[in-house]
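The sequence and structure are shown first.

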Amino acid sequence: MSELVFVFQTLVDGLLLSGGYILIALGLGLIFGVVNYVNVAQAEFSMFAMYGTWVLWIALGLDPFLSLAIILPVFAMIGVAFYVSMVRAVRTRDHGVHILMTLGLAFILQNAALLIFSADVRTIRTAYSAASFNIGGVSINIVKLVAFLIAIALFFALIAFLNKTRTGRAIRAVAQDESLAAAFGVNVDRIFMITVAIAIALAAAAGTIMMPHLFVQPMVGQFFVLFAFAIVVMGGMGNLKGALVAGLIIGVVEAFGQVYIGGLAGRIIVFALILIILYLRPSGLFGRSAL
Amino acid sequence: MSDLILDVRGLTAGYTEEPIIQDMGMRAERARITGIIGPNGCGKSTFLKAIVGIVSPTSGQVMLDGSDVTYNTPFETLKYGLAYIPQGRQVFADMSVLENLRMSAYTLRDETVIRGRFDEAFTHFPRLYERRQQLAGTLSGGEQSMLSFAMAMVLQPKCMLLDEPSLGLAPTMIEQIFETIIEMNEAGMSMVVVEQNINVLFQIADYIYILDSGRNRFDGNPEDVLKQEELLKLYMGVQA
């Protein structure tokens, strides 16, 4: 394999792996931008969605990608429960309060997963898991490609929802000026609830689409959330388009780091890059808001 | 016998236990412009906010066209037909002009009704139609004022409360905004206008209230108010 093909292969691998991170970061950014709430347990919902996908596969033989049809609505409802029980009462409080509460939730969810599913690593390998095709020597894995395409489709669906629908516009209006939106008859509490439901469903979608090419164990969320926060910070807090671009960049940089530096140490360059970007542009690549 | 659109009696309100406005009253006639003036910090803005329910009054009564709207939320008050246009031209900055109008029509469901209201607003403000796809945050101050007017108009209120519409605008823009106010008033809109810029207000208002330290100080026709030279000098710092 020539060096150029190798570089392209790494680039493609990085891009394809970024889909899950982008979806987790979109949810984080959405909750932060609209509800002004910081949820550090976001990726624990992804972790549970991975187990959910695994259970549906083991018990019913349901294809992991098809299980989105069940996972998305179920986790949207879980998002509603999360909003009612943990977000609503402390929404206007300091971010530190949100972080402490959701950190506690993350520990509870991790240990619950440990109790229910044990510490064993679980994987899903479908009949087409190893299938791939070749473009000019660059090998593209079908499972990773489908995961990436679903993530990008969900991103554009979210943008279209926010821009073209009445509820979506109300979400953006609340993000921009809560009291002005309320003055025109928007039920702000309901908008917050819908926003959190969407965000948790996105986190769950991330888990489900990553399941066929990754693995799940109770602590897996800790890896994801670090990357998701990095994406949100790099793209600009609450800026969804920024999250997409930052997610793609971080996916690629991580892939190159792993190839050229190796293993976990490769991740160092992801965070080094974020430090450099924030040094040059303190409010992220695209600045805040613009929801 | 006068025809009152807004009748406020004995309104007391504030943010803490110490009320900012005390026992304040105002009677605004239908299809007229009622002006409110007073020195900085006299409670003019709080008075308007208490009328529409942004600040909850501790006592008093607000009657809008015969209905008691005293303890309503701002949105309920708006549904009754009382629109409040706050200081500082509040618009959704990251939304286009059209999206801002869509938000003001959030509670209207009938698409033909909504279209009709938008057309009406655009007839009043052709400039907004030209800029309908532009983000509101990138409009000039005067255009943002027009947009907040247009957003209030979409719900076809019976009466509009304007909090210092001239604040922070260039002189030509101020002229334009007041022309709009006169135009809408001539079309039958009842208006209550709070202003620092009293020279303009004296030209357009049918009746004027002077507030001081959260209380009514004087009220009358512009001619009567202008006769109160001492009062004007003392509170407005202007030569009448």
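Buried residues make up 48% of the 291 residues in chain A; a residue is buried if 20 or more other C-beta atoms, placed from the backbone, lie within 10 Å of its own. The model is predicted: local features need pLDDT of at least 70, side-chain atom pairs count only at pLDDT 80 or more, and totals for chains, interfaces and linings use all residues. Residues are numbered from 1 along each chain as its sequence is written, and chains are lettered from A and ligands numbered from 1 in the order in which they are written.

Chain A has 11 helices and two strands, taken as DSSP runs (helices H or I, at least four residues; strands E, at least two) numbered from the N terminus.

Helix 1 (residues 3-35) of chain A packs against helix 10 (residues 240-262) of chain A at an angle of about 140°, with the axes 7 Å apart. Axes are lines fitted to C-alpha atoms, for helices over the stretch in contact, and angles run from 0 to 180 degrees between N-to-C directions.

Chain A contributes 16 residues to the contact with chain B, and chain B contributes 14 residues; two residues are in contact if their C-beta atoms, placed from the backbone, lie within 7 Å. Helix 6 of chain A gives the most to the side of chain A that touches chain B, with five residues.

| Feature of chain A | Value |
|---|---|
| Box of C-alpha atoms along the principal axes | roughly 65 × 50 × 35 Å |
| Contacts with a separation of 6 or more that join residues 24 or more positions apart | 78% |

Definitions and conventions: A residue is buried if 20 or more other C-beta atoms lie within 10 Å of its own, exposed if 12 or fewer, and partly exposed in between; C-beta atoms are placed from the backbone.
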